[in-house]
Amino acid sequence: MKKKIILTLTLFVFCSFLMVAPIAAQEVETEHLNITLKEAQAITEASLIKTIKSKNNDYKHDVSIQTSVAALNGLKQSIHEPIAIEYTQNEISQTLPIYVYDSLDKLKNIGLNAVSFDATISDFQDKKTILNRGHVVIYDIATRQNITNHTEVTLKRDTYTSGLNRSVIFEVPQTTISANISVDIYDTMVGDLGIMSKAFKTQQKDIKSVDDLITHASVSVYRNGENITDRLTYSAKIPLETGLNQTIPMTINEQNEVFNLYADVFDVADSQKGISAHDFNAIIGEVKTADDILRLSDAKSFQLSENSQACKVTVDNSASLNPGINTIRLRSCDLTLDIQAGLFNTIDPQQNRGITYESAYLSDSDLKNKTLVSGSFAVKTYALNTGIETSNTYDFILPQGVGINQETQLVINGKLQNIFMMTHIYTALDRENSIGVIGNDIVAKVEDVTSKAGIVDRMNLSAYILPSNETILTRKIRIDTDKLDVGLNQKINITIAGYDTMLAINADVYNDINANQGLLAHGFNASVDEVDNVAKIQAKARADVYDLATKKPMKLNLSVTELKTKGNNQQVTISNGLLHTTVTANLFDVYDEANQEGMNAQPISLILGHVNSYTLKYLSEVEAWDTQTMTQIASRKITMVSNIPQAVGSMQTRFATERGTQINVPTTIYDNRISIAANNIAITFDEAYSLDAENVLKLMNATAVDNYSGADATSVTLVGWELINQSKIPKAQPIRLSIEARYERYTSQINVYVYVFDALNEERTIALNSNDGVTTLDVSSLSDEEILELVRAEAWDLSDINNQTITTVEDIDVIKTDATLGMIRLQARGAIRNNVIVYDTNHSNPELKSSDVYFTLDEFRSAVEDGSLNSKFVSKATLRLVGEQMIHDIIIDPWVRGYVEK
């Protein structure tokens, strides 16, 4: 900062130096020269020589000054340093110390030195501060002793204004000391900067930027006396706060230094008057009158000129304030000002927030609806400094159970607050009509709530008028039910005499109950196929054990009575070992839950010639039940809605009720009353002569059933079997027989076919035929193919015999069992023809001799059945061969065998 340098010469002199001619007659003779700054700035070499000659009282000898020009210039430049003037007089070199003062009183023998300085206006409130800033020193000019501490120094003026090169005059009372020092006076100083500004008056809206603020405050910034305002940047809070004598901090960004400006800031003003008030926040209840608003907003009106009209501030809308942010209009004469008033239930200055909420009126069921709970409290949070609503998450620690005048603790953004909100929880609530009811939800065994008195006793009802919670007389409370059935979440409607309201209390009624659990089951209607196992029965009865506290099913396996057939009023017992109940089940062939109807019917069997709608309905025995009342629906209200069958076969006949419930009845239409089923069969020649008709029917799997009753026919006969062996039996050709069945007076008959072969496999699916006893010249030389051709072997596949279709099988194997006698075996896929004899004409046939053979009929049949016929025949006939040949087999004419068997 620029400093005004006042030349102060502090000259150190030798004690032996003697002053010679004094400058003034009154001057005390000293060893040095005392002059003022003004005199020092006016001195010349000639005047200095004259002073030296006078001081030395030697006018005869010339004085030659050796002091450099720079030293002399230093005096002129008021450099406050001691000056030693070297000179020669009378060939003697001498030194003259010169002391320069800002002000001298040579009569009082004192001098004052000071320096130019910078100061603020406030510095002048303390004289000591100014003396220190000016480095003011008082000297005894004779001895050069500092007598400042023993000398009073005063300022000529008491008040100062800011500005550059201001004159500050230091005086010493009762002396002529008066030192005029140049001082730069600033409004404030920060660091090495001096700042000038002025207090100003403005409307808040006129200061839109820092530049506006600098202009209105006439801000100038100096460093060393140089104005550097435009070289710096500044920041301040805009908009300004309103009010008188507002302190406005402004920051010099480059220096990070802050200085204050001062202003009267009005919200609204004209040239004559102004209104000032500020937004305010208050607790709800603190603002009841207009005077409260004026006090909290510090509302004031101002006269800006002596001639302006004095006006009071009034409030336009004090009666319409609500929780939250309100706009209030203030009026002073023709000026109006809108301010913002935040009214809150609680104010948290540390968090810079105000919170509003309402008392909540909730039903017990509302507590599960977080959105509804939050809406009932209507919690809102506002920033105190802006009045803007802030976004937060709210949770609530609600009371446990119903009751009025309870408290809920607020949680904001997961943090528990020391805020408790009034909460009224009712069992049932009618917000529209402002009625709340408190009572007990019913949890009971069904047998305990079969009367209105039993229900009311368990409810313990009280009713209230909202929001005052004024109690309604109990005798005015009515309920709409005389008894309760089993079920959860049933509603008991409540009305109150004289009030247009309807509320509901919840009732959970169980079949059986203990302290912790309730068994719940319902009678039900179902079709038989819907309940064909225990799990389905339990599901249909909606049977489960519930936790009474949570009303959640425990998903237990229960003991349940099984259901087998359709029928009404079937009793189903359900139990978990501790709790028991019995429910009623009505089972139908078809149950339509939507129509609440059940239908039953029997399958229909009918001969085509008897088919008509009446007979079909009669035979179906169709019936329908109204399951709401469990009454049977008149038969005339059941109609057949399907087409009448036109052909033999299986189909569905559909019947329907007037409500639209339908049942499909299995229907079978027959040609005859009796149905006969049998297979075509293949047998061997041996079986053809040995089997009776009954065994043949078994082979055919023959069955006969009465189509109406489903009963077996009373008799089944194979017609024509007794004539089968009375004529030659053809090989591999179908022989037609008949099966006749009888039931009561009804008969029926079908044709079946029998095929006869030499051999069959075990499954009777492959047949084998060949000739026997053929001759050839040389058996041993024949190939298998030649032998097959010789014996005319044939094989058939019988898998499609029921369609009278048999197909040839080519792969027949030839096995030679005795080449000498020409014995061979034929085999085709399990069908075996043993001991086929081929006679060799190159050899003489063995001579066979025997005696007559006698069998009883029983003995012969027994031998046939156990396979011992050949061996017994040989032993009885004492057969023998001529020569040493052995007898291999005995071939008995099948015709004889069959005849004997019969």
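Strand β16 (residues 220–223) and β17 pair in the antiparallel sense over two bridges; two strands count as paired if DSSP finds at least two bridges between them. Helices (H or I, at least four residues) and strands (E, at least two) are DSSP runs, numbered from the N terminus. This is a predicted model, where local features need pLDDT of at least 70, side-chain atom pairs count only at pLDDT 80 or more, and totals for chains, interfaces and linings use all residues. Residues are numbered from 1 along each chain as its sequence is written, and side-chain values use heavy atoms, leaving out hydrogens and water.

**The sheet around β16**

- The open sheet has four strands in the order β13-β14-β16-β17, with antiparallel pairing.
- Its edge strands are β13 (188–190) and β17 (226–227), each of which pairs on one side only.
- Arg223 has Glu226 in β17 as its bridge partner.

**The largest nonpolar core**

- This core is a set of buried Ala, Val, Leu, Ile, Met, Phe, Trp, Tyr and Cys residues joined through side-chain atoms within 4.5 Å. Buried means under 20% relative accessible area, with exposed over 50% and partly exposed in between (1.4 Å probe, protein chains only).
- It holds 25 residues, of which Met700, Leu718, Trp721 and Val756 touch the most other members.
- Elements giving two or more residues to the core include β59 (674–677), α11 (685–690), α12 (693–699) and β64 (746–757). The largest share, five residues, comes from β63.
- Leaving aside residues up to four places away in sequence, Met700 touches Ala678, Asn679, Ile681, Leu718, Ile739, Val752 and Val754; contact here means heavy atoms within 4.5 Å.

**Aromatic rings**

- The whole structure has 12 aromatic pairs. Rings of Phe, Tyr and Trp (its six-membered ring) pair if their centres lie within 6.5 Å; planes under 30 degrees apart count as stacked, over 60 as edge-to-face and the rest as tilted.
- Tyr426 and Tyr464 form a tilted pair, because their ring centres are 6.3 Å apart and their planes are at 50 degrees. This pair links distant parts of the chain, with Tyr426 in strand β35 (residues 415–426) and Tyr464 in strand β39 (residues 462–465), 38 residues apart.
- Tyr426 is buried at 0% relative accessibility, and Tyr464 is buried at 13%.
- Tyr755, Phe757 and Trp796 are linked into a cluster by ring pairs.

**A buried lysine**

- Lys273 lies in strand β22 (residues 273–276) and is buried, with a relative accessible area of 12%.
- The side chains of Lys273 and Asp334 are joined by a polar contact of 3.2 Å (a pair of N or O atoms within 3.5 Å; within protein, one must be able to donate a hydrogen and the other to accept it, and residues adjacent in sequence count only if both atoms are side-chain atoms).
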